Amino acid sequence: MKSKFTWIFTLLLAFFIQFSFAQERTVTGVVNDSQGNPIPGVNVKVQGGGTGIQTDFDGNFAIQAAAGQKIEFSYVSMKTQVVTVPASGNIGSVSLEEDVEQLETVVVEGYRSTTRPLSNIAVTTVTSKTIEGRPNASFIQTLQGQIPGLNISTGSGQPGANSTVILRGYGSINGKVEPLFVIDGVPLDADNFRSLNPNDIESVSVLKDAGATSIYGNRGANGVIIVKTKKGSFDSALQIKYTGITSFTQMQSNKYNVMNSRQLLNLEKGVGRGFGATLTDEEIAAYDVNTNWKDVLFRTGTSQNHVLSLTGGGSNISSFTSFGFFDQEGILLDTRLKRFNFRNNLSGKSNNNKFNYSTAVTINYSRRDEASSIGSGSVNINPVLGANQGAPYIDPRWYTNGQNLVDMYNGDPVANPLGIGVGTLALSPLMQLDIMKTGTLQTEELKMIGNVQASYKLTDDITAGTTFGADYTQATSLQVQDPNSFNSLFFEQGEDFLGWQFESFARNILFNTNTSLNYNKSFGNHTIDASVFTEYVKAHSKSFNYAQNGLDPKVFVPGNGAGFTPFNPDTPTFYVPEVASGKGTAGLFSYFGSIDYDYMQKYGLSATVRRDASYRFAETNRWGTYWSVSGRWNIDRESFMEGLPFQMLKLRASYGTAGNQNILGESIFNAPNGARTLFAQGAGYNLETAYILGQLGNPDLMWETVEQGNIGVDFEMFSRRLRGTFDVYRKETKDLYQEAQLSAVTGTYQINANGGSMRNQGVEALLSYDLFKTEDFLFTLNFNGSYNRNTMLDITNVDNFRDNGLQADDEGGSLGQFYLIKYAGVNPANGNLLFYDKEGNLTENPTVNDRRLTDKSPIPTYQGGFGFDATYKGFFLTTQFSYVADIYRFDYDLEGLQDPTDIGVWNKSTDLLNAWTPDNRETDIPSLTLTNKGIDGDSDRYLRDASYLRLRYVSLGYNFSNKILDKTPFSSLRAYFQAENLVTWSKWRGWDAESNRGADQYQYPTPRILSLGLEVQF
């Protein structure tokens, strides 16, 4: 019986084993993205089974599973897909869709892309979601307050004005301080983006540490900003999208508290100067002209932005095409920016996916009308001066034309019956009106960026690629002083024809070509990604300009030469045109390589090395070598992390070098011959023509080098509701390009050389938290912040100190810290200004030797932003605050409004109503008759805290649901209201706390912008 039972049991066991083997088999397939491209590294796992596998470089997989079992496919930035194994065992193609909530986890690492968990570097990426649809002329302005460590300051409301972009502090004294910008693989020589359409941008990635930037060699010292524009998708229907925005720009308010007419007339009467001194109290009380020159010279501007895009693709080709029109009126009269844009991005591939190619072409034209002499004290030209200090008792209706204004100035009783401002600058607001009505200052720009990329998979593991790109910029500028303008008539010296026209032409083109060979192979749990590159950059510039004096008003038209006065020996040399011409050439050659190693997506190590040659330096210093190493530890993948609330916890570190070959200014064309001794034509003995020393060359010149270390943590927890990044860095610039002192026997006292060093070190944080997350309601809090401390380590001057006037560089202190006499207040005894000398004693008459270092600078220590994103069903609300702290600047606008010495010419602040008198001794406003005004120009009296908190952006709108749109031709419809620069909180009293300057005087303020927008997709 026992033997029989054993036989039956053995038979059943054999049958069971045979059945099991018959059911479990090798299941194969390939994983692609939505565009049909294979995805390597996808996690493939049988649900409820053991360890999984990963797809190979071509997206293929093979895993043991039985029919009916479920296989899970997961990949960072993609939605997880679950597929049931069919009876055949062949799953075929699995398509993974992008997960909108995780798009930001795709990381661009310069010459390759990876995912956030597998990235070793410090990088922050923003997507089109936060860029498109904003009313700014440049996409750079939309990045403000969104990226930790990135300081963006515009400091001008001129439409299309350039911004200053600083990443992790100033890295140079005289050289390039802004990051390298790369658009679709094309490096740009400058950050001029007023002609580009922000709605074309798909993502912007800011590379910060050496692990990310050293691969860019002698252009990566200040960081790298990579811009990717939109592309089409394979196997997708045609989609047409229209975006229309109408905006209104307004002047922001200030706290200067300027006087009205009666207040100013009474003030003038009290000091016995100006128009008020000629009036009685009754006449002042009855005077009915009260002009707010801000309302006369500024306006509410209107703007419109229209973008039409077409996206689609077939099985092997896809395209994105867009057309844009942008027209923005400035808040200052007669200023505006008008722009036309075209872009076409094309992508294609072969049937076997071995050959891939893409092209990207954008053609852009812009025209900018500007105001003259902004930021200067040109009292007869700069309209911001008139808006700030124009006397309110002057009526703008008095202006008729330039000749009448000359007559008013000269006291003609018919033109100026009240005798106001005769022979003084009190009439300057009318002079500025004349300039705005008769003058021309216009810039036209044509900018084209093109790029062609191609790659071919030589084997399953080796891919060869090449890229060719070009950046072309052509600008023409026109400036005209009309022959019938006030300035022409007032300053004429007997010429028959007056006025002048200045016109310039500049053309820059930069070519970039890159060839690469990539090896990518997985060996079980090990993956190696290695690449070698060569790169060649060649740039050319050409410029020409002329100035023509003497224009015939009967036939002259701005920009036309018909009114030019012809030269003949009998006419004055005033009519002889002045001409100039220039050209430049620059070039770089590089070869470099990178290698990335990954083990089980748990540990990673990367290294790069690059050799660069620059045209700028002598042969002995032409080549430079830059390198980096970086690594990561994905702690969340360790077994001891099971059960903890982390979806990702990664520790990363990097160290390496990058260079700055632009040692003077921002352009690649600057300082091309610093290593060479040059001679110039000049005057010799007895004023004979001779050749003289023009420049003493320094053959030892070389690039500046930045060494940077970075430690960072990336994390996601609580089902990704809390996401964040923390970074600590230390960045040191060596071989700074600055002045070195020489013996006078050489004929000069100094020469530009490499020497000295400077350090930036700081902390950065980026946090997001989904406070509420349901099917209908999502409320996400966002915060980013940074702290950066700049320190001068070594200065090449004698005594390790450089005196720059009101600023100075001192070892141990910040770059450009203010160097000033300390202001003490008002002397209660006589109303004069009081100061501290260097020993701390009170004095009314300090000297420049009493200046002291303030430890205050125009470089901010803290900056960042915060806000929230809320969606409820179709409604959405977004807010973004930005802040800057521990930053100081001079407020010269306030100084002008509080200066009592020119009462009778300009308007004043009501602060002067609290001026010192024998009956008002305890005050911060000195006597109107003080005797030591002017000394405060070297003091910190008008050095102001320019820290601010600003509601930078608000957007409120509604996305119409598919249910509503089902019976319409629209696939999506979105309407919204948005506001920029809505409210600012600051101690700064002026129009705009934001500035990229250490001092502000009569600058064009940035506006408040209110917009209505509509997005329609078919």
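In the predicted model, three strands form an open sheet in the order β41-β42-β43, and the pairing is antiparallel. The edges of this sheet are β41 (822–826) and β43 (842–843), each of which pairs on one side only. Between β41 and strand β42 (residues 833–836), the antiparallel pairing extends over 4 bridges. Within this pairing, Lys 822 is placed opposite Tyr 836 of β42.

The confidence of the prediction was considered next. The average pLDDT of the protein is 90, and 96% of the residues score at least 70. Residues 1–22 have a pLDDT that stays under 50, and for this stretch the model shows 0 contacts beyond four places in sequence.

A further set of paired strands involves β32. Of the 14 residues of strand β32 (residues 704–717), 11 are buried, so the strand is largely enclosed by the rest of the structure. Strand β29 (residues 646–660) pairs with β32 in the antiparallel sense over 14 bridges, and Tyr 655 stands opposite Gly 709 of β32. Strand β33 (residues 722–734) also pairs with β32 in the antiparallel sense, here over 13 bridges. In this second pairing, Asp 714 faces Thr 725 of β33. The strands β32 and β33 form a hairpin with 4 residues between them, and in the turn Phe 718 has a positive phi of about 55°.

Strand β10 (residues 123–127) has 4 of its 5 residues buried, so β10 is likewise largely enclosed by the rest of the structure. Its antiparallel pairing with strand β15 (residues 201–207) comprises 5 bridges. Thr 124 has Val 206 in β15 as its bridge partner.

The largest nonpolar core contains 46 residues, of which Phe 298, Tyr 393, Ile 394 and Leu 430 touch the most other members. At least two residues of this core are supplied by each of the helices α4 (261–271), α6 (293–297), α7 (383–389), α8 (402–409) and α9 (428–438). Another core, of 22 residues, lies apart from the largest one, and its members include Val 126, Leu 150, Leu 167 and Phe 181. When neighbours within four places in sequence are left aside, Leu 430 is in contact with Trp 293, Ile 394, Asp 395, Pro 396, Trp 398, Tyr 399, Leu 405 and Met 408.

In general, an α-helix has 3.6 residues a turn, so residues three or four places apart point the same way. At the start of α4, a side-chain oxygen of Asn 260 comes to within 3.2 Å of the backbone nitrogen of Arg 262. Just after the helix, Gly 272 adopts a positive phi of about 80°.

Asp 281 belongs to helix α5. Apart from its neighbours within four places in sequence, Asp 281 is in contact with Asn 266 and Lys 269. Asp 281 and Arg 889 are 608 residues apart along the chain, and their C-alpha atoms are separated by 40 Å.

Finally, backbone geometry was inspected. Most residues other than glycine have a negative phi. Asp 235 has a phi near 50°, a positive value in a residue other than glycine. This residue is found in the loop between β16 (224–229) and β17 (236–250). The relative accessible area of Asp 235 is 58%, so the residue counts as exposed, for which the value must be over 50%. Asn 981 is not a glycine either, yet has a positive phi of about 55°. Asn 981 is located in strand β50 (residues 972–986). At 7% relative accessibility, Asn 981 is classed as buried, because the value is under 20%.

How values were computed. Residues are numbered from 1 along each chain as its sequence is written. Side-chain values use heavy atoms; hydrogens and water are left out. A nonpolar core is a set of buried Ala, Val, Leu, Ile, Met, Phe, Trp, Tyr and Cys residues joined through side-chain atoms within 4.5 Å. Buried means under 20% relative accessible area, exposed over 50%, partly exposed in between (1.4 Å probe, protein chains only). Contact means heavy atoms within 4.5 Å. A polar contact is a pair of N or O atoms within 3.5 Å; within protein, one must be able to donate a hydrogen and the other to accept it, and residues adjacent in sequence count only if both atoms are side-chain atoms. Two strands pair if DSSP finds at least two bridges between them. pLDDT is the predictor's confidence in each residue, from 0 to 100.
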